[in-house]
Amino acid sequence: MSNALGLEVKTIVETPPEEVERVKEWINTDEYKEKNFARQALVINPAHACQPLGAQLAAHGFEGTLPFVHGSQGCASYYRSTLNRHFREPAPAVSDAMTEDGAVFGGQNNLHEGLENAYAIYKPKMIAVFTSCMPEVIGDDLTAFIKNAKQKGFVPKEMPVPYANTPSFSGTHINGYDSMLLSILQNLTEGKQIEGRCTGKLNLIPGCDFNTGDYREYKRILEAFGIPYTVLADISDSFDSPCDGNYHLYAGGTKLDDAADSINCKATIAIGSYSTAKTFGWVKDNFSGKHASLPMPMGIEKTDAFIMKVAELFGKDVPASLKNERGRAVDAITDSHQYIHGKKFAVYGDPDYLMGYVSFLLEVGARPHHILCSRGNKKVEKDLQALLDGSPFGQGCKIYMNKDLWHLRSLLMTDPVDGIIGDSHGKFAARDAKVPLFRFGFPIFDRVNKHRYPLIGYQGAINMMTEICNKFIDIKDDTCEDRLFELMR
Ligand code: SF4
């Protein structure tokens, strides 16, 4: 073999084509699956992102807020590009770009210079600071650093600068979201509780949800009830703002005054018990009014639970428009259930999304055959198992906790399913297994506008059902014999 200069190059390892073919076949076998599931010290294609990425999402949900990464520039680029590719919108954030000297001497100088520049250039109303791994490894003291920054006048003393420790070597983006949201609420509501005051509003905490359509759907439901609300944190306009020819650095977000007053609410509902665990725990102890934590309202049953809880908290009847909507969703499911009934699925993703997918599938008579969570705990497993145990369609389905998408591939090749539900990262395994991937969740890089279609609520149930069933009908049309190619399906 010769190189571009025509010089002979000795091939160090040559793999004969037949060996490549043999291995290609072998990785689809039970023998390989056993070895794959025995691996311990290596993760391949995990179905989660870094803690700070979730923190950045929470920060974008507040008016005039600049997300600030204390740590490595490369990490910051990763969060920004991931959000940017999913939403196809800018995800403006800054980083103090720590390098080797910061790692040795601590990152205070970087943080101070960064805060000074960020405030001067981008004029934010709030700067939300969170960390990448490097400052966490060396133990940077954010409390002291930010206090010093205010004392030295790098940012105004009165400007809120909430901060969260978000080390990615423990937890995932949902934990980063939770920590950042908690810190923002603690900061904004400090000293704002007024004895006897009630805003009459509902605080809705949607959790670490990357679907802007879901946020709009929650708001639409609450407006149908005629209930005043504050969404904490509202990313719907931040990542789905109108194209009007101008760039808006801070598009949308919950008003800081509303967030500050949220402590005097009538009630709070936190969605997603895994991505809002810390926040909800603190809200329960500190916010006035009543509090409830609910799973993502995916499918009819979970949406009913959400609607009934809203009605109960505010002593209102369910509006006729929502009752009609429920009826239409049930009708849509009845009209199409035959295309999904009994089908086997593999599902993966965040615990809160997983609970929603599994609940929805069981409800429509499908089987969530492989359920894979790449970072979860015993509680997630127990809650998922309880869903499976509560339905005849859950029998024989299995939960794989702390496993990655390479494990998923082995499952798909040795114990096939009809479809997969998850984010774009599963497309490679789906292609190998020759089954459709239904792209719900985060991130979705390879399809457009998916984040605009709600998955929650009755409308979300119709959307999921329509997408899944039509795909199965497409497959039938594409693969059936000519004599079975029908106009009616
Ligand atoms: S794991 Fe840590 S170092 Fe790697 S991208 Fe995430 S935050 Fe940065």
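This is a predicted model: local features need pLDDT of at least 70, side-chain atom pairs count only at pLDDT 80 or more; totals for chains, interfaces and linings use all residues.

Biologist: Why is K434 called exposed?

Modeller: K434 has 8 other C-beta atoms within 10 Å. Residues are numbered from 1 along each chain as its sequence is written.

Biologist: What makes the phi of K434 worth a remark?

Modeller: The phi of K434 is near 60°, a positive value in a residue other than glycine. K434 is placed in the loop between helix 18 (427-433) and strand 13. Helices (H or I, at least four residues) and strands (E, at least two) are DSSP runs, numbered from the N terminus.

Biologist: Is R88 buried or exposed?

Modeller: R88 has 12 other C-beta atoms within 10 Å, so R88 is exposed. R88 also has a positive phi, about 55°, although it is not a glycine, and it lies in the loop between helix 4 and strand 2 (94-95).

Biologist: How do you know which residues surround the ligand?

Modeller: A residue is near a molecule or strand if its C-beta atom, placed from the backbone, lies within 6 Å of it. The residues around the ligand are C50, P52, S72, C75, Y78, S132, C133 and S168.

Biologist: What makes 5 residues of that shell nonpolar?

Modeller: Ala, Val, Leu, Ile, Met, Phe, Trp, Tyr, Cys and Pro count as nonpolar, Asp, Glu, Lys and Arg as charged, and the others, Gly among them, as polar. By that rule the shell divides into 5 nonpolar, 3 polar and no charged residues.

Biologist: Which residues does V358 touch?

Modeller: Two residues are in contact if their C-beta atoms, placed from the backbone, lie within 7 Å. Leaving out residues up to four places away in sequence, V358 touches V347, P368, I371, L384 and L387.

Biologist: Which peptide bonds are cis?

Modeller: One of them joins L232 and A233, with omega about 0°. A233 is found in the loop between strand 6 (229-231) and helix 11 (256-261). Another runs from F442 to P443, with omega near -5°. P443 is in the loop between strand 13 (437-439) and helix 19 (457-479).

Definitions and conventions:
A residue is buried if 20 or more other C-beta atoms lie within 10 Å of its own, exposed if 12 or fewer, and partly exposed in between; C-beta atoms are placed from the backbone.
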